[in-house]
Amino acid sequence: MLWFVGCQSEPEPPVWYFEPPKLSHSQHNLYGYGSAEDEQLAKARALEDIRAQLVLSLQMQIQRGRYDDFADSKPADIVPQIELDNANVSFVNVAHKQGVYYIRAEIPKKIIIQSLQKSYQWALRHANTEPSCAAPKGAGTKGDSRVIQSALLLQALGETPPELPAKESRVVSMILQLAVSDMRYADMVGKSLEGVLKEFYELSDSAPNVMRADVKIENGTKGSVMQVLIVIRDCKGKVVKEWRLSSVHSSRGPYENTRYNARQIAKDLRAKLQKWADSE
């Protein structure tokens, strides 16, 4: 005896699920579509669809304006999250077919615009905060990028964007002062630290900013230990950062162990400097 089992086909979405809203409506509102077997999940997907459209609009504005500085930034960071309990969100169409919910969400553009205007004002204040004169390259640009991104998205939504601030480039110079307990390894350690510093500073023997690295190296029968105290003084001689870094390695001889430790210290220093640049 043969049994034929038919495959249950996917439910066909309602007609309105593929029809764009009237032009007169879309001038004032944003629409998103979502589907799922769970109604709340379908609503969440509809709201995420709206947010994805905003991110795409911002990316297009950035490309049109050739803002190359923001090629690696995350435009989605400034796009407002839209919560399910937002009183201004309307779910204008809801259909339930064969266990699947189809939903169209709607939110007034003015709500998003108000949120972006607040983001712009916050970013503008942040951008106007002068970072330390010894702060790494890239510090102080986060606020600037948020200012421009907020303005560009406002423009994409049909708002007249505020005047964009002129972006100033900062060249930060630094001198590395090195003190190593075992001078046989001084050149090795110096090159490792300088390789990292070049990513964040213009190295100069006459720079007003100073990074002092006191390096203690111990090689024993159980391996090698490197401990580094790093102190950064700004152009006014003030200590602005201080880090204690350490590394232990024991798989090879003293030279190879110390070279590994120097590279690990440099890696940790890079992470510290990047975090500092991102926080300014």
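What follows is a short briefing, grouped by topic.

Keep in mind that this is a predicted model, where local features need pLDDT of at least 70, side-chain atom pairs count only at pLDDT 80 or more, and totals for chains, interfaces and linings use all residues. Residues are numbered from 1 along each chain as its sequence is written, and side-chain values use heavy atoms, with hydrogens and water left out.

**A lysine tucked away**

- K43 sits in helix α2, which covers residues 39-64 (helices are DSSP runs of H or I with at least four residues, strands are runs of E with at least two, and both are numbered from the N terminus).
- K43 counts as buried because its relative accessibility is 17% (buried means under 20% relative accessible area, exposed means over 50%, and partly exposed is in between, using a 1.4 Å probe and protein chains only).
- If you skip the neighbours within four places in sequence, K43 is in contact with L84, F91 and I103 (contact means heavy atoms within 4.5 Å).

**Salt bridges**

- How many salt bridges does the structure hold? There are eight, each one being a side-chain nitrogen of Lys or Arg within 4 Å of a carboxyl oxygen of Asp or Glu.
- One of them joins K191 and D187, at 3.4 Å from N to O.
- Both K191 and D187 belong to helix α5 (residues 186-200), and they're four residues apart, about one turn of the helix.
- Are K191 and D187 buried or exposed? Both are exposed.
- R212 and D214 make another salt bridge, with 3.0 Å from N to O.
- R212 is partly exposed because its relative accessible area is 34%, and D214 is partly exposed too, with 27%.

- E256 pairs up with R259 in a salt bridge, and their closest N and O atoms are 2.9 Å apart.
- You'll find E256 and R259 in helix α6 (residues 254-279), three residues apart, about one turn of the helix.
- E256 counts as partly exposed because its relative accessibility is 25%, while R259 counts as partly exposed at 29%.
- R252 joins in as well: R252, E256 and R259 are linked in a network of salt bridges.

**Two strands side by side**

- Strand β1 (residues 29-36) is mostly covered, with six of its eight residues buried.
- Strands β1 and β3 (residues 100-108) run antiparallel and are joined by eight bridges (two strands pair if DSSP finds at least two bridges between them).
- To spot the pairing, look for G32, which stands opposite A105 in β3.
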